[in-house]
Amino acid sequence: MEIKLSPVIAGVMNWGDWHAKFNPAQTAELINHCVSNGITTFDHADIYGGYTTEADFGEGFAQSGVKREDIQLISKCGIQHTLGNRNNAVKHYNYSKEYIIWSAENSLKFLQTDYLDVLLLHRPSPLMHPDEIAEAVTKLKQEGKIKAFGLSNFTNSQTDLIRTRTEVFCNQIEFSATALQPMLDGSLDYMMVNNIKPLAWSPVGSIFKENTAQTERLRKLLTGFAEKYGVTEDVILFAWIMQHPADIIPVSGSTSAERLKNQMKATTVKLELMDWFAIWTESTGHKVP
């Protein structure tokens, strides 16, 4: 079954208790705004908001009037944090068959839906066993509770381990103009070869969060590019990611309706070749090899 995600994904990590604290009406309004502007995929994790954001989103989704078949829901599982109501003494990961199934079913209940378009393992664990993971994924697929299965923050070798037992649709990784590693260590090449969809979290990187020599160089460059292409700096950064041949989908962490709408402009921006390489150059601080 083919899973089609929107060209920009709305990451909901900051919609709930961790930042915006949207009520159901505000959530419903933002869901509708996203959908009307072509952002139909919403990225969750059970841990967001201290295990509360999925339920908050579900209440808003129920009020939104948006049809389930018109959106795609992604969620992640596996992190057992000490926060929230989990009563864990130590932060750890759990990828037992029983836990993966239990977590996916919880996500369905909280999101008020019958299925997830994609279920991801949030972070790799040294104790994960591909057989247990595959058994859970197979059962969830057979019961129609998930359409596809993927990973988040997994290395190539860890992905290979999981792929020995079950198909991997995507891997959500950190990638941006300030986090170039997947482009340099073979991760994006690996995903292209193996038909795994890359999703990029924190696509704007640290450019507007930190004051370093790197971010100062990039901000200066982006100011000129924003004027040249007639878009904002974050749109330039999204377009830079999307121009990579791996067909990367950025996951926006914004809670602003206007910013989310604006970021969709990246789908229409084609950076000139030297401009694309200029961003790489200013990120590293030296010419390409």
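How close do the axes of helix α1 and helix α3 come, and at what angle do they cross?

**Entry 1: basis.** I noted that this is a predicted model, in which local features need pLDDT of at least 70 and side-chain atom pairs count only at pLDDT 80 or more, while totals for chains, interfaces and linings use all residues. Residues are numbered from 1 along each chain as its sequence is written, and side-chain values use heavy atoms, with hydrogens and water left out.

**Entry 2: the helix pair.** I looked up α1 (residues 24–36) and α3 (residues 53–64), whose axes come within 7 Å and cross at roughly 65°. Helices (H or I, at least four residues) and strands (E, at least two) are DSSP runs, numbered from the N terminus. Axes are lines fitted to C-alpha atoms, for helices over the stretch in contact, and angles run from 0 to 180 degrees between N-to-C directions. α1 and α3 are therefore roughly perpendicular to each other (angles of 65 to 115 degrees; under 35 is roughly parallel, over 145 roughly antiparallel and the rest oblique). On the α1 side, I found Pro24, Ala25, Thr27, Ala28, Ile31 and Asn32 in the contact (heavy atoms within 4.5 Å). From α3, the residues in this contact include Phe57 and Phe61.

**Entry 3: the barrel.** I traced a closed barrel of eight strands, in the order β1-β2-β3-β6-β7-β8-β9-β10, with parallel pairing (two strands pair if DSSP finds at least two bridges between them). From one strand to the next, the twist averages 30°.

**Entry 4: strand β10.** Which strands are joined to β10 by bridges? Strand β1 (residues 9–11) is joined to β10 by two bridges, and isoleucine 9 has valine 251 as its bridge partner. Strand β9 (residues 197–201) is joined to β10 by three bridges, with leucine 199 partnered by isoleucine 249. I also checked the faces of β10 (residues 249–252): Ile249 and Val251 on one side, and Pro250 and Ser252 on the other, are all buried (under 20% relative accessible area, with exposed over 50% and partly exposed in between; 1.4 Å probe, protein chains only).

**Entry 5: the cores.** I then turned to the largest nonpolar core, which has 77 residues (a set of buried Ala, Val, Leu, Ile, Met, Phe, Trp, Tyr and Cys residues joined through side-chain atoms within 4.5 Å). Phe42, Trp240 and Ile279 have the most contacts inside this core, and helix α10 (residues 233–242) gives the most to it, with eight residues. A second, separate core of twelve residues includes Ile74, Leu120, Phe169 and Val251.
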